[in-house]
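The points go through the interfaces one pair of chains at a time.

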Protein chains: 4
Amino acid sequence: MIVVMKVGSPEQEIQRIEAELQEWGLTPEKIIGKHKVVMGLVGETASLDPMQLKEISPWIENVLRVEKPYKKTSLEYRNGEHSNVTVSTPSGDVTFGQKHPVVIISGPCSVENEEMIVETAKAVKAAGASFLRGGAYKPRTSPYSFQGHGESALELLAAARDASGLGIITEVMDTADVDKVSEVADIVQVGARNMQNFPLLKKIGAQDKPVFLKRGMSATIDDWLMAAEYILAAGNSNVILCERGIRTFDRKYVRNTIDLAVIPVLRSLTHLPIAIDPSHGTGVASYVLPMAKAAIAAGTDSLMIEVHPNPAKALSDGPQSLTFDAFNHLMGELSVVGNAVGRWWKPRVTI
Amino acid sequence: MIVVMKVGSPEQEIQRIEAELQEWGLTPEKIIGKHKVVMGLVGETASLDPMQLKEISPWIENVLRVEKPYKKTSLEYRNGEHSNVTVSTPSGDVTFGQKHPVVIISGPCSVENEEMIVETAKAVKAAGASFLRGGAYKPRTSPYSFQGHGESALELLAAARDASGLGIITEVMDTADVDKVSEVADIVQVGARNMQNFPLLKKIGAQDKPVFLKRGMSATIDDWLMAAEYILAAGNSNVILCERGIRTFDRKYVRNTIDLAVIPVLRSLTHLPIAIDPSHGTGVASYVLPMAKAAIAAGTDSLMIEVHPNPAKALSDGPQSLTFDAFNHLMGELSVVGNAVGRWWKPRVTI
Amino acid sequence: MIVVMKVGSPEQEIQRIEAELQEWGLTPEKIIGKHKVVMGLVGETASLDPMQLKEISPWIENVLRVEKPYKKTSLEYRNGEHSNVTVSTPSGDVTFGQKHPVVIISGPCSVENEEMIVETAKAVKAAGASFLRGGAYKPRTSPYSFQGHGESALELLAAARDASGLGIITEVMDTADVDKVSEVADIVQVGARNMQNFPLLKKIGAQDKPVFLKRGMSATIDDWLMAAEYILAAGNSNVILCERGIRTFDRKYVRNTIDLAVIPVLRSLTHLPIAIDPSHGTGVASYVLPMAKAAIAAGTDSLMIEVHPNPAKALSDGPQSLTFDAFNHLMGELSVVGNAVGRWWKPRVTI
Amino acid sequence: MIVVMKVGSPEQEIQRIEAELQEWGLTPEKIIGKHKVVMGLVGETASLDPMQLKEISPWIENVLRVEKPYKKTSLEYRNGEHSNVTVSTPSGDVTFGQKHPVVIISGPCSVENEEMIVETAKAVKAAGASFLRGGAYKPRTSPYSFQGHGESALELLAAARDASGLGIITEVMDTADVDKVSEVADIVQVGARNMQNFPLLKKIGAQDKPVFLKRGMSATIDDWLMAAEYILAAGNSNVILCERGIRTFDRKYVRNTIDLAVIPVLRSLTHLPIAIDPSHGTGVASYVLPMAKAAIAAGTDSLMIEVHPNPAKALSDGPQSLTFDAFNHLMGELSVVGNAVGRWWKPRVTI
């Protein structure tokens, strides 16, 4: 934190401010220039608010933050080395990370019944997915929409894992459900609407399963990394960051604006692996393929893609789900780009 | 919901669509024009997604929503009559509603200790506030920031109520804390970050205390009213809607953009009373007064204003808090506008 | 501008940077702290880009802007004294400024014919307006919409001025039309879509009539003040800043989000007078009154309000226009708030 | 346009509305359902405002737009066939279109002097670019920033074309300069800030050179296509649409949010070719490569990339410019993705 004093600030006032800052537990390091006095603040400044420091004196012209507000999440914390997140699944370990193939997570928005989830699991496994997504607890805008089958759906996910060999990822929304979900899931998901549900982040940070942290729909990059910091600070450093589209001024043709530039931005700020969800990121099935290809070209470590046996009859998020056929076609197309950039798990197929 | 068919749609396909829609539990009401066929859908359409219906056939040109997605929250539900929310406090009943004086809620961001909360309660009561706000559980962007004193702070709020006669409003963030908070608080607050924490909304809807529902920072009006609908659907119709600023592209001089036009917009859509929080809505103490005056002129039913004995040393949100003196001055200024529009609890004072 | 060096920066690199900055015409003022070296840059830094300076060396941790990018527009430029803009009209001088009554500008979106513009001028004059607005050149989203009558409409505006005694304000969109418009208009308007049409700003800055500068729909406060700076830098310091709503994520019930907090924000940054346009700011006739009242309570110096003899048949912007009756009612209501805050031109009327 | 009447609307009122709509030049096609009456409006509805139609009667529940507001720009206008834009350059014709290789446009933000522009032209030509970009007239936020060398820079661009064989693209900001720019340029650019400068669009539509239309920073897809419609309506159908990033709530790490989903969205709406500008789209040199790769994978027809001999000393937009070396490296990387998707002009090179 740097405090810039106004030109002509009285020496006495500067001393008063120094004394006050020391009371706050900070060590002000005064540096006197020809025109201006500037103070560098040494100490625990991460949780300080520059606007609050400015209140100390009308002679303060500006207070500027220099430090990043997050620590364990930062790339510096690992000395510039990016981390991998390895998850054990019935078919073996799967690793999310820059030097590994793109991990494909796929499945329906919500678990509707045993038949559909098992059928979907087998289909996406056959096409090359490593994880099955499927909601037991669903955050729905309307109280009158299908809210997910809850606990009983967790059992169906376990059955789908047994039947397919896929790892399982599912969302938890309530601290009261963390233990149950954590027991079944191979990866625990925090949804966009709960990205700043801090009690939930703390509790998820205290369990052992890797965490899939979706970006809030109006979360800044810093907000998002601070949410991850809650989980890391609670002891769990296996966090994957997933972009799923942000809210902007034009929502006529897409539900959200998918922000692919987060890929290089996050690479420069954090060591955590990155996933992209082009299904929620656009909200339209026919836009999923071009955005998935773009995400691979831009360097994503993982893709989450919605698939449903019959999208028109899906109980939630049908318009953005692919059929099995469309998913097979997508995987073929992705293999072309994935192979070109050296991030695919098997050699290029001819399509 | 209205389904618009493309020009030249085959009669057979229209019949197929009609049959399919009936399977969805809807009654399509076909209306044949000179050029186009349009189907009005009768039935439970509130939870349907127009984009999903469109998937049924490539001959569907467009699906348009006509109905509002919320019911109990709508103004129509009360036949155009706005509702009041009356809260009992140690000093008697206080009513939030269009034909009542503007209700002032005031206090610090977080409860720091007994002395400060009691002192603040007395000061804001003397200046004309009816409710004391104060956070026991605090949603903070950083895990390293002060997180609130939790349960012990609830006792301090109870002490402040006894000492001042004010009603108490405080936030709950975790379903596990709803009972405890509901026992102490006269009004239970849902914060902006939890506006779409649906398990929380359901649990709060199932308890008896009135609810203060803050707008999410990127919530549309419809999102917000649907969040209220969760609470009303769960049985609690005493909901007050509070605007606290939305996230926009310019955050250099204010933290949020306060959207005062929600006042007339909400009046035309919902029967619920409306509050404005100019402290969070701007994030800057010196902008609170002009925005509070504007909110009264625009017709708000309530104002929530942050006050702290010593804003520069506040453990949270200092920059937007007023001192006791500033709050007294503000109340004097507000009485001028409040009296002019006939919404103040005592005659104009000379300032 | 402040350059923050990374911890451990080699002395030789620091000297190289100092030399390079001197080449840029800047005087670096090195200030050596215990841990870090910081350089304050003295010189013409207003047009420099902090991100560009950062490119000079990988040892630069951060470059922070301290100065405001605008000069003549700033409050400091007038030593903290706000300016007035006085405009001569057939009925005498009218002054926009903090110590003067709120100036009412009213009229139709576009000049449709002589009868309607003269009739409107008389009606709004009778109700208390000082200026007639009316578009000769209209910026329309569609090339197939009515584009304004152009030059011939300027004559009709002149006729309306003669008939009513009102001053005239009208928009210019093309540098080729500046002279013609400037000859007729008492105030020249720059519309939101042209706020960063720099050739236009320069040419308008070089003519004598006062300028009404609308905020672009996604312009930051700094962008807006820089646009004003173009006009002041070209020699014309009679600029009025008009907020007309910004573009945000929710446009279902309003066209734009009216950002009333600009009133206190601008007061603290610039000496220029401020106007609010609640008609464009909401896009809905029934929301104009509450937002106009709010704007006066928040301290606006002027209001621009659309009025049309028959809004349903207006050639442009009908939905946001008031009838003559509605405008009369609005003026009565505004007088109540205007008198309460001491900014109305005649004593409170009983309504 | 569809007018939905409220349940229980009196027959007399419906007839009055029908008569009124006929006066507007529309043919209402009444379709009577079991519960509701709906009217389809036949006629010139593109320029009508649904909100304005709603003003006709309080019995109108809703007015819904069904038609697209643009015509010549629409994909339907060409019966679903996408168009190519072919531009003649000293090195032969270059075609922008889905079945052609990605066209690379490259060069500095502004033309600084003959040496730099000729040197840059040769360098980018050698690396594989087909067009040289370079600003003669520069839209700068600050009046004190370098504004471009204007007319004299046009001559330097002509010299660079002669020296390199590249086609030339440059921006025009003022109707007064259209003829001069159009004479020299092979493609005329409309910048983001002028996307709704309608007099400029009309004049550019009336000249013969192809047009490169950048998206405004808060333009919706419909706004953008309507801007293109101005040019097509004026007679010039050779328009290329260029996404350059939109303004969102997080601008800390990028200047703009690059919206790559416009590629599939535009493909479904318009026949015009599409370009992406990752330099302005991110504002950071190191993010240009991943976003350029992503754009190719998503299907762009062209890329515009800023290159400067010495970005740190560029007179404008240095931070987002690549050096010659970086541009060479980028072209090598792009060839990998470009070849994978079959959109590169020469076979894959080994890197």
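1. Contact between chain A and chain B. In this predicted model, 48 residues of chain A touch 48 residues of chain B. The area buried between chain A and chain B is about 4,300 Å², and carbon and sulfur atoms account for 52% of it.

2. How many salt bridges does the rule find across the interface of chain A and chain B? There are two. A salt bridge joins the side chains of Arg247(A) and Asp223(B), with an N to O distance of 2.6 Å. Polar contacts between chain A and chain B come to 19 residue pairs, counted where both residues have pLDDT 80 or more.

3. Four helices of chain A each give two or more residues to the side that touches chain B: H1 (11-23), H2 (50-54), H6 (198-205) and H7 (221-233). Which of the elements gives the most to this side of chain A? H7(A) does, with five residues. Sorted by class, the side of chain A that touches chain B holds 18 nonpolar, 14 polar and 16 charged residues.

4. Domains of chain A. Chain A is split into domain 1, residues 2-64, and domain 2, residues 76-340. Between the C-alpha centres of domain 1 and domain 2 of chain A the distance is 44 Å. By residue number, helices H1 (11-23) and H2 (50-54) of chain A can be read against the bounds of domain 1 (2-64).

5. Contact between chain C and chain D. Here 48 residues of chain C are in contact with 49 residues of chain D. The buried area is about 4,300 Å² for chain C and chain D, with 52% of it from carbon and sulfur atoms. Three residues, Gln52(C), Tyr144(C) and Ala312(C), supply 14% of the area that chain C buries against chain D, more than any other three residues.

6. Symmetry of chain C and chain D. Chain C is laid on chain D by a turn of 180° and a shift of 0.0 Å along the axis, the RMSD being 0.1 Å. These two copies are therefore related as by a two-fold rotation axis. Ser218(C) comes closest to the rotation axis among the residues of chain C, its C-alpha lying 3.0 Å away. Why do chain C and chain D meet through the same surface? Because 100% of the interface residues of chain C are also interface residues in chain D.

7. Pairs and elements between chain C and chain D. The rule finds two salt bridges across this interface, and Arg247(C) forms one with Asp223(D), the closest N and O atoms being 2.6 Å apart. It also finds 19 residue pairs in polar contact between chain C and chain D, both residues at pLDDT 80 or more. Helices H1 (11-23), H2 (50-54), H6 (198-205) and H7 (221-233) of chain C each supply at least two residues of the side that touches chain D. The largest share of that side, five residues, is from H7(C). The classes on the side of chain C that touches chain D are 18 nonpolar, 14 polar and 16 charged residues.

Note on methods. Residues are numbered from 1 along each chain as its sequence is written. Chains are lettered from A and ligands numbered from 1 in the order in which they are written. This is a predicted model: local features need pLDDT of at least 70, side-chain atom pairs count only at pLDDT 80 or more; totals for chains, interfaces and linings use all residues. Side-chain values use heavy atoms; hydrogens and water are left out. Copies are superposed by least squares on the C-alpha atoms of residues with pLDDT of at least 70 in both. Contact means heavy atoms within 4.5 Å. Buried area is the accessible area (1.4 Å probe) that two parts lose on being put together, summed over both. A salt bridge is a side-chain nitrogen of Lys or Arg within 4 Å of a carboxyl oxygen of Asp or Glu. A polar contact is a pair of N or O atoms within 3.5 Å; within protein, one must be able to donate a hydrogen and the other to accept it, and residues adjacent in sequence count only if both atoms are side-chain atoms. Ala, Val, Leu, Ile, Met, Phe, Trp, Tyr, Cys and Pro count as nonpolar, Asp, Glu, Lys and Arg as charged, and the others, Gly among them, as polar. Domain bounds come from an automatic or database domain assignment.
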